[in-house]
Amino acid sequence: MPRNEASPTRIGVVQRLVPQSVRGDAVLGLVVVLLTLVGAWRVSPWLDEVATAHVVSYSSRDMASMWQGIPTLPSGSDMVHAAYYEVVHWWVDLVGITPFTLRLPSVIAAGVGTMAMAGVGRRLVGRRGQLAYAAAYGLLPRTLLMAIEARPYAMSSMFAALALLLVMVYRRRPSWLRWVGLVLAIAAAMLVHLYAALPMAGLVAAA
């Protein structure tokens, strides 16, 4: 009997922590994850992904040298991606290096980015906006391509989408915590891929 009573309580806690509207955003993000998993599993690695696999297989000491831009390392000329390489380095230490595990962070990033854009559309337009924004982002051919390659672009795009969502959230109910989150999202987008500074500058100006 206590076991039967606990179940509705747990369900109620989940419903309070994750509102129904946010669950819709998450479902749309999950759809994009499932779509891109197929490509991430089947497509053969290309030259830049081989470079990613090579760099993230360095020792932790050599990985740290990327931040100094040491030219004797192959990664010295690709220092703009140092933060991404660092994240994937620790990831493959946990799960091992295969084409699929190298691409999985990009797949997840595409799903989270889609979820963020669904949240933006829901706040601007409602349910139709939620679906339209999620589709415009998650089903965009470039997004799908970024999601199935072991490169930093999907992750940078995810942080940019989160920054846009945080702008919307902050405008409706400002707080210092949301402001810090916005600053961190913008910084992360640029840290993962420096060229994200261009859309982030536009976002800051518009905000």
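1. Which exposed residues does the face of α10 turned away from its buried side carry? They are W176 and L184. Exposed means over 50% relative accessible area, buried under 20% (1.4 Å probe, protein chains only).

2. This is a predicted model: local features need pLDDT of at least 70, side-chain atom pairs count only at pLDDT 80 or more, and totals for chains, interfaces and linings use all residues. Residues are numbered from 1 along each chain as its sequence is written, and side-chain values use heavy atoms, without hydrogens and water.

3. Helix α10 covers residues 176–192. Helices are DSSP runs (H or I, at least four residues), numbered from the N terminus. At 1.5 Å a residue, its 17 residues should span 24 Å, and the end C-alpha atoms are 24 Å apart, so the two agree. The expected span is 1.5 Å times one less than the number of residues.

4. The buried residues of α10 are L182, A185, I186, A188, A189 and V192. Down the helix axis they fall within an arc of 160°, so they line one face. The arc is taken from the directions from the axis to the C-beta atoms.

5. Those buried residues pack against α5 (82–95), α9 (153–172) and α11 (197–206). Contact means heavy atoms within 4.5 Å.

6. α9 and α11 also each supply at least two residues of the lining of the largest pocket. α9 gives the most, six residues. The lining has 14 residues, with S156, S157, A160, P199 and M200 nearest the pocket's centre. On a 1 Å grid over the protein atoms alone, a pocket is an open set of points where a 1.4 Å probe fits, with protein on both sides within 12 Å along at least five of seven lines; lining residues have an atom within 4 Å of a point.
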